[in-house]
Amino acid sequence: MATRSKSSQRWLKEHFSDPYVKKARAEGLRSRAAYKLEELVERDRLLKPGMVVVDLGAAPGGWSQWLRQAMVTLYPANSGRVIALDILEMPSLAGVEFLHGDFREDAVLSSLEGMLGGLPVDLVLSDMAPNKSGMDAVDQPRMMHLAELAMDFADRHLRPEGTFLIKLFQGVGFDEYVRELRRRYAKVVIRKPDASRKRSPEVYALALGRLAQTKK
């Protein structure tokens, strides 16, 4: 117990002294993760007028919140739509459409398709991660399973030339997953935003230009 308590204390100390946590609080953002998205979006200029964006595993809402604000600021006359999905409840955000449920279920996908009303999705985001056990042999397969589900969702809902941005953990299955992305998209790059903690295994795969046909 003592070890766990020390590690919890260390995490809390790091968390509350983290400049991104302080910045998020000061700016009224729901999570420090918003700054990861900000860097990724701005570096590759991912936002366009009138975009339809789907944010998978959106709770607590940091990504959707930042994105909605950015779209309204950049394109006030044509700020597009942000649709957030999560199996967890999420307090409402101005201008964000929230769908509560598991996107693996047909009923939830049908609800999403109803919300889209035939509009193609321009950008699919996934910052999903499993609840960590602390054991790589457990956490990594869980993470890759979520990543497979997100890629499958993008396969079915993202328009040709669309963009897919997903959090991954480096480890078993990572290289194969990136190879699969390269078969589906014109360009795939791996990014590690400044707001990602240095000791975290997380990176982000940015897949640009969804191909009309998967490469052999």
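User: Helix α3 lies across which strands, and at about what angle does it run to β7?

Analyst: This is a predicted model. Helix α3 covers residues 33-44 and lies across β4 (121-126), β5 (158-169), β6 and β7. Its angle to β7 is about 35°.

User: Which other helix lies across β5, β6 and β7, and how does it run to β6?

Analyst: The helix that lies across β5, β6 and β7 is formed by residues 174-184. That helix is α7, and its direction relative to β6 is about 145°.

User: How many helices and strands does the protein have, and in what pattern along the sequence?

Analyst: The protein contains 7 helices and 7 strands. Read along the sequence, they follow the pattern α-α-α-β-α-β-β-α-β-α-β-α-β-β.

User: What is the strand order of the open sheet, and which strands are at its edges?

Analyst: The open sheet has 7 strands with mixed pairing, in the order β3-β2-β1-β4-β5-β7-β6. Neighbouring strands of this sheet are turned by 15° against each other on average, direction ignored. An edge strand pairs on one side only, and the two that do so are β3 (96-100) and β6 (185-191).

User: Why is β4 described as largely enclosed by the rest of the structure?

Analyst: Buried here means under 20% relative accessible area. Strand β4 is largely enclosed by the rest of the structure because its buried residues number 6 of the 6.

User: How does β7 pair with β5 and with β6?

Analyst: Strand β5 is joined to β7 by 6 bridges and the two run antiparallel, with L168 opposite V203 in β7. Strand β7 (residues 202-210) and β6 pair over 6 bridges, and the sense of that pairing is antiparallel.

User: Which residues of β7 stand opposite K187 and R191?

Analyst: The bridge partner of K187 in β7 is L208. For R191, the residue opposite in β7 is Y204.

User: How many residues of β7 are buried?

Analyst: Strand β7 is largely enclosed by the rest of the structure.

User: Is R210 buried or exposed, and what is its relative accessible area?

Analyst: R210 lies in strand β7. Leaving aside neighbours within four places in sequence, R210 is in contact with A154, D155, L158, R159, P160, E161, G162, R184 and Y185. Buried requires a value under 20%, so R210 is buried with a relative accessible area of 15%.

User: What separates the C-alpha atoms of R210 and R183?

Analyst: Along the chain, R210 and R183 are 27 residues apart. The computed separation of their C-alpha atoms is 9.4 Å.

User: Where is H157, is it buried or exposed, and which residues does H157 touch?

Analyst: The place of H157 is in helix α6. H157 has a relative accessible area of 11%, so it is buried. Not counting residues up to four places away in sequence, H157 touches L109, E113, P120 and V121.

User: What is the volume of the second largest pocket, and which residues lie nearest its centre?

Analyst: The second largest pocket has a volume of about 230 Å³. It is lined by 12 residues, and those nearest its centre are K132, M135, D136, D139 and P201.

User: How does the lining of the second largest pocket divide by residue type, and which helix gives the most to it?

Analyst: The lining of the second largest pocket divides into 4 nonpolar, 5 polar and 3 charged residues. With 3 residues, the element that gives the most to this lining is helix α6 (residues 136-157).

User: What percentage of the 216 residues is buried, and what share of contacts with a separation of 6 or more joins residues 24 or more positions apart?

Analyst: Buried residues make up 49% of the 216 residues in the protein. Among contacts with a separation of 6 or more, the share from residues 24 or more positions apart is 66%.

Note on methods:
Residues are numbered from 1 along each chain as its sequence is written. This is a predicted model: local features need pLDDT of at least 70, side-chain atom pairs count only at pLDDT 80 or more; totals for chains, interfaces and linings use all residues. Side-chain values use heavy atoms; hydrogens and water are left out. Two strands pair if DSSP finds at least two bridges between them. Helices (H or I, at least four residues) and strands (E, at least two) are DSSP runs, numbered from the N terminus. Axes are lines fitted to C-alpha atoms, for helices over the stretch in contact, and angles run from 0 to 180 degrees between N-to-C directions. Contact means heavy atoms within 4.5 Å. On a 1 Å grid over the protein atoms alone, a cavity is a set of points where a 1.4 Å probe fits but cannot get out, and a pocket is an open set with protein on both sides within 12 Å along at least five of seven lines; lining residues have an atom within 4 Å of a point. Grid points are joined across faces, edges and corners, and a volume is the space filled by probe spheres set on the points. Ala, Val, Leu, Ile, Met, Phe, Trp, Tyr, Cys and Pro count as nonpolar, Asp, Glu, Lys and Arg as charged, and the others, Gly among them, as polar. Buried means under 20% relative accessible area, exposed over 50%, partly exposed in between (1.4 Å probe, protein chains only).
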